[in-house]
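Here are my notes on this model. Please read them with the structure open.

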Amino acid sequence: MAGTSLGARLYRQIKKHPALIPMISFIGLGMGSAALYLLRLALRSPDVCWDRKNNPEPWNRLSPTDQYKFLAVSTDYKKLKKDRPDF
């Protein structure tokens with residue numbers, strides 16, 4: 001057991017216990033979804049600044065009609081008006 005790889009041990013366990021297949025697939029789906037959500041947060045969030053020279057404050061360039069939330073249940077962002085000053 002000491003020299004076998006993780007994939008080989010996992011394959012042997014799945015072969016012995018086929019009921020592990022749904023559990024492993026749901027865990028893989030959850031990990032993949034979490035990774036995609038973190039990638040979305042890193043690339044699309046107005047709080048994250050990747051280019052400090054050209055855009056030091058990216059949250060100031062948002063218009064009131066930009067939707068940056070993941071899910072907006074009852075807010076229609078196209079009907080909002082600007083109620084904050086420009087700096």
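How many helices and strands are there in the protein chain?

1. The protein chain has 2 helices and 0 strands. Helices (H or I, at least four residues) and strands (E, at least two) are DSSP runs, numbered from the N terminus.

2. This is a predicted model: local features need pLDDT of at least 70, side-chain atom pairs count only at pLDDT 80 or more, and totals for chains, interfaces and linings use all residues. Residues are numbered from 1 along each chain as its sequence is written, and side-chain values use heavy atoms, without hydrogens and water.

3. An unreviewed UniProt entry places a "transmembrane region" at residues 20–43. Such annotations may be inferred rather than shown by experiment. In the model, residues 20–43 are 100% helix and 0% strand. Their end C-alpha atoms lie 35 Å apart.

4. Of the 87 residues in the protein chain, 6% are buried (under 20% relative accessible area; exposed is over 50%, partly exposed in between; 1.4 Å probe, protein chains only).

5. Among contacts (heavy atoms within 4.5 Å) with a separation of 6 or more in the protein chain, 11% join residues 24 or more positions apart.

6. Leucine 36 sits in helix 2 (residues 20–44). Leucine 36 counts as exposed because its relative accessibility is 59%.
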